[in-house]
Amino acid sequence: MKEKVEITLPVTGMTCAACVRRVERAIAGVPGVAEATVNLATNSARIAFDPSETKAGDIAAAVRDAGYGVGLDRIEAEVEGISCASCVKKIEDKLLLVPGVVSASVNLATGGITTEIVPGTITMDDVREAAVAAGDYRIIEKETGATDADWATTREKREARELSDLRTRLIGAAVLSVLVFIGSMPMLFPFVTGIPVQIRHTILFLLATPVMFWAGLPFFKGFWAATKHGTADMNTLVAVGTSAAYAYSVVATFAPRLFAGTGGGVHVYFDTSTMIITLILLGRYLERRARGRASQAIRRLADLAPKTATVLRDGGEVEIPVEEVAPGDVVLVRPGEKIPVDGVVTRGASAVDESMLTGESIPVDKDVGDEVIGATLNATGSFEFRATRTGKETVLAHIIKMVEDAQGSKAPIQRLADRVAGIFVPTVIGIAVVTFLVWLFFGPEPAAVTALLSFVAVLIIACPCAMGLATPTAIMVGTGRGAEMGILIKGGETLETAHKLTTIVLDKTGTLTRGEMSVTDVVPVEGATEDDVLRAAAAVERGSEHPLGQAVVADAARRGIEIPGATDFEATAGKGVAAKLGEATVLVGTEEFLRERGALAAGGTGAGGSLTETAESIAARGRTPLLVARNGRLLGIVGVADTLRDEARQAVRELREMGITVVMMTGDRERIARAIGDEVGVDRVIAEVLPEGKALEIVRLQEEGGLVGMVGDGINDAPALAQADVGIAIGTGTDVAIEASDITLMRPDLTGVVKAIRLSRRTIATIRQNLFWAFFYNSIGIPIAAGVLYPAFGILLKPVFAAAAMAFSSVSVVTNSLRLRRARL
């Protein structure tokens, strides 16, 4: 009888007994599931299944397909010893066999490993055992309590040690390989012919052996670990290929008579084995250095955080490590200091440079009640603030976590490479064996030597590294570049979807507009001035809390107009306000309000003709006209609106130039919405949409075909952001916005939407270039190494050239990805 495994899977989104039945049917339909019991009270499902027929991931996918969520835990760590895409595939496959593991992702570029698990089923020790079982890979767990900066420092030190060891081996191998090469080429270096052949071959053996078993030790360790577990990877190809050339040469050196008819004149190929080791070490060294540069974004982000903070305790100032700051602490920040954690200003004022997080170069004024973000730079004054978010809860910590997750994620485009990686090494070994046999039995003399060299060339030229690095290096650099520009991208899948967007929906308020009212027009009657109109309107509106009134008061203050005191304030909801200004009665409001009060009977003309016509013209442009009357006579009109952002027209134009349809969505009336839409230049306007109806409008656009991106504030537009193929939160920079969207723009600038889409297109283009090169290189290189050009052109690829090509392929992929760091968006 097959052994069953039981797990308890948290299920979210269930509300009734019908949900329970639906989830039970979905789980029961998965092959291998013996029993499924869903409990609405605990929001969980107890499942018994046969692990040989199904996996926890299949069950979780069935629940999601039924329309419900799955509550999973994550285990994150780093793994040492991976060298190619085959290593990645082995570890992922081994982890997926562990009951309770829903998904496993290993990133070759970062060395990161992320495992989604059913809560309570497995621990880090289980992950460690799976990694060992896959090929003696070592799991490194993040220390409890370590900060992002500490973890980044630890990682850098470990990588520096590995790079130093690699450099030492490379230098030693290079020096010895040059000597072996000189000794192997008497036709190029005639003085070598003076050394007897047997002595010369023995010297070459002594020089080549350290290169093989000291410089090349990492390859042989990896080969042995893979062999023990019945698998194969890049180390297998290098170890077998170099060992074949080395072993042949050893036999030819110490037992030359075994090669019938060759006598003492048999050739040795110590130069082949040593040069292969050296060139592959060179490629790996250059690749590691390039990968280090690619991962600098997290290091730079972690370095933003200050090490200490000055807190006020017991009436004095105390400097403590930033890790010890707790919510509620009052922190003092002086000019030129970095703000240690997130909080709210309680005393003082200053200007804060937030460019390191938002990309905005202009300092932002901060006063009492304003939020400040940790790691930003206090520019001028001193102030005190109360800490609200510390440690892992700060905006910076959320950003670092998001960038780490993004860099460790996989794009769907990588699936083909992953599938190929699973069979690549065994396939290459098979091709090499066939090549050897064909040359041995059908090749020209010396058939055995030609067969051996072709066998080695096929093994060495094959490069699973390039396939494994093609996607993760580009995602790592692309998301890191985005973070430096204040564009936070959740992962590879978001990047891949964003580059295919055909429609962008822009929420009007707070996205296309500033989200705050301001005065746009002041039209006085003949004989009056703009200041007269604003002075009267502001005096009355100062008693109002309405945003339109506050905008009038703010504009009058900005112009330096002295605002007189008003009495007998009276407000009529939705229509206007009235007050006494000395002996005069001043009215401010709609045309209907003034008509009811008898203020329009006298009419009035302004610079543009009748003021009522002027009011209609202002309204037609999407603005709100406030008519101002004094003692029953019109004084003028003040136009107020939520004005467009400075960059709105440019951003819309650039999106359209990229071939994207731009849609504006708003709750405004149709006429006003179309006026604003025409002003900003969008393709389409969707008006009179209630907040709860935005997600439905996104669905309708998706049903028309294509992929839809939604740009909103990340909080009020959360349902629409979630429904869109890509949700983009603009300008909030809060942890809520980061969680609610696929892409978060850290500053309120619409051009960030353009840059995010351009970045996704550049990144996906780079991935495609990398994958093309990796597949093209292997599909062309392996046949050439096997000798396919020999019958027609007499060309045979020497193993040394195969090694150089193999090293170049990995380096070229990483270097191509690094170009994204300099991408102009």
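What share of the contacts in the protein chain with a separation of 6 or more comes from residues 24 or more positions apart? Such residues account for 68% of those contacts, a contact being heavy atoms within 4.5 Å.

This is a predicted model, where local features need pLDDT of at least 70, side-chain atom pairs count only at pLDDT 80 or more, and totals for chains, interfaces and linings use all residues. Residues are numbered from 1 along each chain as its sequence is written, and side-chain values use heavy atoms, with hydrogens and water left out.

**Overall build**

The C-alpha atoms fill a box of roughly 125 × 70 × 70 Å along the principal axes. The secondary structure comes to 29 helices and 32 strands. Both are DSSP runs numbered from the N terminus: helices are H or I with at least four residues, strands are E with at least two. Of the 825 residues, 53% count as buried. Buried means under 20% relative accessible area, exposed over 50%, and partly exposed in between (1.4 Å probe, protein chains only). The chain exposes about 35600 Å², and carbon and sulfur atoms supply 56% of that area. Areas come from the Shrake-Rupley method with a 1.4 Å probe; for residues, only the protein chains shown count as cover.

**Helix 23**

The buried residues of helix 23 (residues 670-680) are I672, A673, A675, I676, G677 and V680. Several elements cover these buried residues, including those below.

| Covering element | Residues |
|---|---|
| helix 17 | 508-512 |
| helix 21 | 611-620 |
| strand 27 | 633-644 |
| helix 22 | 648-657 |
| strand 28 | 661-665 |
| strand 29 | 684-686 |

Just after helix 23, G681 takes a positive phi of about 95°.

**Aromatic pairs**

The structure holds 14 aromatic pairs. Rings of Phe, Tyr and Trp (its six-membered ring) pair if their centres lie within 6.5 Å; planes under 30 degrees apart are stacked, over 60 edge-to-face, and the rest tilted. W773 and F808 have ring centres 6.0 Å apart and planes at 85°, so this pair is edge-to-face. The pair links distant parts of the chain: W773 sits in helix 27 (residues 751-786) and F808 in helix 29 (residues 799-818), 35 residues apart. W773 is partly exposed, at 26% relative accessible area. Elsewhere, ring pairs join F205, F213, F220, Y246, F254 and F270 into a cluster.

**A nonpolar surface patch**

V433, V434, L437, V438, L440, F441 and F442 form a nonpolar patch on the surface. Together they have about 680 Å² of accessible area. F441 lies in helix 13 (residues 415-442). F441 counts as exposed because its relative accessibility is 59%. Patch residues have over 30% relative accessible area and no salt bridge; like charges are joined within 9 Å, nonpolar side chains (Val, Leu, Ile, Met, Phe, Trp, Tyr) within 5 Å. A salt bridge is a side-chain nitrogen of Lys or Arg within 4 Å of a carboxyl oxygen of Asp or Glu.
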